[in-house]
Amino acid sequence: MKIKFDFVTNSSSTCFVLISEGDFNFKKFMNSVGVEDKSIFSDIYKNLFNALKDNLEPVRQFVGGDRWNKSGDFNKFIIEIFSQETLEKIIEAEKAGKVVYAGRLHSDNDSIECFFCTDAFIIDTEDLFIDATNDGW
Amino acid sequence: MKYSYKSYESLLVVDKRLTKDLFVEMAGVQKGKYAADMFSRMYDWIFSEAVYVEDDYKQFYEVEYPNLENFIYKKYCVRKGSLKKMLQLKAENENYIIIAFDELSTGYGGFIDFAFSDELYDRFINFLLMKENEDKV
């Protein structure tokens, strides 16, 4: 048990974009992240995989319903939250017939998801692209 | 073993043979990918500004304090029971040392509630002691 005696903050969430070559599955994710089966920390990444998978929504639907999308302009929103490069990747993937997803990681579910919610990262391999650079607080 | 002697400052017992390469290798992650980058940053978070307590004592404080135990007790205000446990743990292995570590060292606090969360605490503490990884040195 821990007792926190200094300040506490409110919870929040950060968003990510995910493009997968075929199904987004655990094996592909672990290969892309670079975690060996024998790793004593593999459960951390399993937790991240589940947090991502449980929060996937088609990106245009996600952006259309996002309360911070004040202008209603998809391209502008993606560039502001992520980058021009990520927008280009989304458009390219959509042209290739892939479903592009977006979602949120939350700071108040558990300490592992909270960490990834606040860690800015990009995973860019042949099979998988995840832009979670919005995760920096 | 971790002892918080001040807000965001702790004493840790670690294995002195732990290098960054070993830290990443022991984590079971592949170099060049996100998980390795994450563990590499975690190593820097702990060790980049760590004070090696015994070296510090011998170099600067030996004339002032009669022994290491008295030095740690007075400089870091460690409770006697915890200090006894810490020194007992250190005595278990000639490679164990005590470091003073600033949890905000790299200007990033994201690892604090992650590495030392209830889910990871024991595993991470043993990881820093290289338990079950003696063969990798």
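Begin with the interface between the two chains of this predicted model: select the 19 residues of chain A that are in contact with 16 residues of chain B. Colouring the chain A side by residue class shows 10 nonpolar, 4 polar and 5 charged residues. Helix 6 (111-118) and strand 4 (121-124) of chain A each supply at least two residues to this side. Helix 6 of chain A contributes the most, with 5 residues.

Next, select helix 6 of chain A by itself. Of its 8 residues, 7 are buried, so this helix is largely enclosed by the rest of the structure.

Then move to chain B and select helix 3 (residues 53-61) together with helix 4 (residues 68-75). How are these two helices of chain B arranged, and how far apart are their axes? They pack at an angle of about 95°, with their axes 10 Å apart. Angles of 65 to 115 degrees count as roughly perpendicular, and helix 3 and helix 4 of chain B are therefore described in that way.

Finally, show the side chains at this contact. From helix 3 of chain B, B:Val53, B:Glu54, B:Tyr57 and B:Tyr61 meet B:Leu68, B:Phe71 and B:Ile72 of helix 4. By class, this helix 3 to helix 4 contact in chain B comprises 6 nonpolar, no polar and 1 charged residues.

Definitions and conventions:
Residues numbered from 1 in each chain as written. Chains lettered and ligands numbered in written order. Predicted model: local features only at pLDDT ≥ 70, side-chain atom pairs only at ≥ 80, totals over all residues. Axes fitted to C-alpha atoms, helices over the stretch in contact; angles between N-to-C directions. Helix = DSSP H or I, 4+ residues; strand = E, 2+ residues; numbered from the N terminus. Parallel < 35°, antiparallel > 145°, perpendicular 65-115°, else oblique. Contact = placed C-beta atoms within 7 Å. Nonpolar A, V, L, I, M, F, W, Y, C, P; charged D, E, K, R; others polar. Buried ≥ 20, exposed ≤ 12 C-beta atoms within 10 Å, placed from the backbone.
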